[in-house]
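The following note is meant for a colleague meeting this structure for the first time. Please read the numbered points with the sequence and the model in view.

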Amino acid sequence: MRVRKGNQVQWTPATVSMNLGEGDTVQTLADGMARISFPDGALFVVKPNTLIVLEVSADRNDKLASNVEVQVTSGVVDLSTAPGSADSRVKFSNAEARVHQESTAMVANNPQTNTHQITVSKGGASLLRGGEQVELAQY
């Protein structure tokens, strides 16, 4: 797994307990996975061959101010949100999922085959695409 911090050009190997911030890009390779935890209790598991960008992240000093927003450029991310947390936003292709508190979901984006998927396994989410919003419930 590797990380490109903010607007830097070079990739660096990721380390355990590495701090990530807004604009950081995380890439897992074929044999790698990553677990990214946020101060509000949200947990993202980044599957192999996945590329994500942290667009907005949490203020470590204020759990209530947490605003998790991640762009899934390609690959698969499993995520869970904690009780009392704000919605976690996951962008993929031309859609945005707002995963509600105490929810678990999987988001997949494959730009090569133009396939995009979200599956909610616990709780709920709102899916926004264009001017439409659809509420998703547990599958």
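**Notes on the predicted model**

1. The charged end of Arg-2 sits over the ring of Trp-11, at 4.4 Å from the ring centre. A charge is taken to sit over a ring if NZ of Lys or CZ of Arg is within 6 Å of the ring centre and within 35 degrees of the ring normal.

2. On the basis of the values: this is a predicted model, in which local features need pLDDT of at least 70 and side-chain atom pairs count only at pLDDT 80 or more, while totals for chains, interfaces and linings use all residues. Residues are numbered from 1 along each chain as its sequence is written, and side-chain values use heavy atoms, with hydrogens and water left out.

3. How many helices and strands does the protein have? There are 0 helices and 13 strands, where helices (H or I, at least four residues) and strands (E, at least two) are DSSP runs numbered from the N terminus. The radius of gyration of the protein is 14 Å, close to the 14 Å that the globule rule gives for 139 residues, so the protein is as compact as a globular protein of that length. This radius is taken over C-alpha atoms, and the globule rule is 2.2 Å times the number of residues to the power 0.38.

4. Along its principal axes, the C-alpha trace spans about 40 × 40 × 25 Å. The accessible surface comes to about 7700 Å², and 48% of it belongs to carbon and sulfur atoms; accessible areas come from the Shrake-Rupley method with a 1.4 Å probe, and for residues only the protein chains shown count as cover. Of the 139 residues, 36% count as buried. Buried means under 20% relative accessible area, exposed means over 50%, and partly exposed lies in between (1.4 Å probe, protein chains only).

5. Among the contacts with a separation of 6 or more, 38% are between residues 24 or more positions apart. A contact means heavy atoms within 4.5 Å.

6. The largest nonpolar core has 25 residues, and Phe-44 and Ile-52 are those with the most contacts inside it. Strands that each supply at least two residues of this core include S4 (34-37), S5 (43-46), S6 (51-56) and S8 (88-92). Strand S7 gives the most to this core, with 4 residues. A nonpolar core is a set of buried Ala, Val, Leu, Ile, Met, Phe, Trp, Tyr and Cys residues joined through side-chain atoms within 4.5 Å.

7. Which residues does Ile-52 contact, leaving aside its neighbours within four places in sequence? They are Asp-24, Thr-25, Val-26, Ile-36, Val-46, Val-70, Gln-71, Val-72 and Val-77. Gln-71 itself lies in strand S7 (residues 69-80). Gln-71 counts as buried because its relative accessible area is 18%. Not counting residues up to four places away in sequence, Gln-71 touches Leu-51, Ile-52, Val-53, Glu-55, Lys-91, Phe-92 and Ser-93.

8. The count comes to 1 aromatic pair. Phe-38 and Phe-44 form this pair, which is edge-to-face, with 5.3 Å centre to centre and 70° between the planes. Rings of Phe, Tyr and Trp (its six-membered ring) pair if their centres lie within 6.5 Å; planes under 30 degrees apart count as stacked, over 60 as edge-to-face and the rest as tilted. Phe-38 counts as buried at 9% relative accessibility, and Phe-44 is buried at 1%.

9. Phi of Ser-17 is near 65°, a positive value in a residue other than glycine. Ser-17 lies in the loop between strand S2 (12-13) and strand S3 (25-27) and is exposed, with a relative accessible area of 69%. Phi of Ser-93 is near 50°, again a positive value in a residue other than glycine. Ser-93 lies in the loop between S8 and S9 and is partly exposed, at 39%.

10. Val-56, in strand S6, is partly exposed, with a relative accessible area of 22%.

11. Ala-95 is found in strand S9 and is buried, with a relative accessible area of 12%. The C-alpha atoms of Ala-95 and Gly-130, 35 residues apart along the chain, are separated by 7.4 Å. Beyond residues up to four places away in sequence, Ala-95 touches Val-90, Leu-127, Leu-128 and Arg-129.
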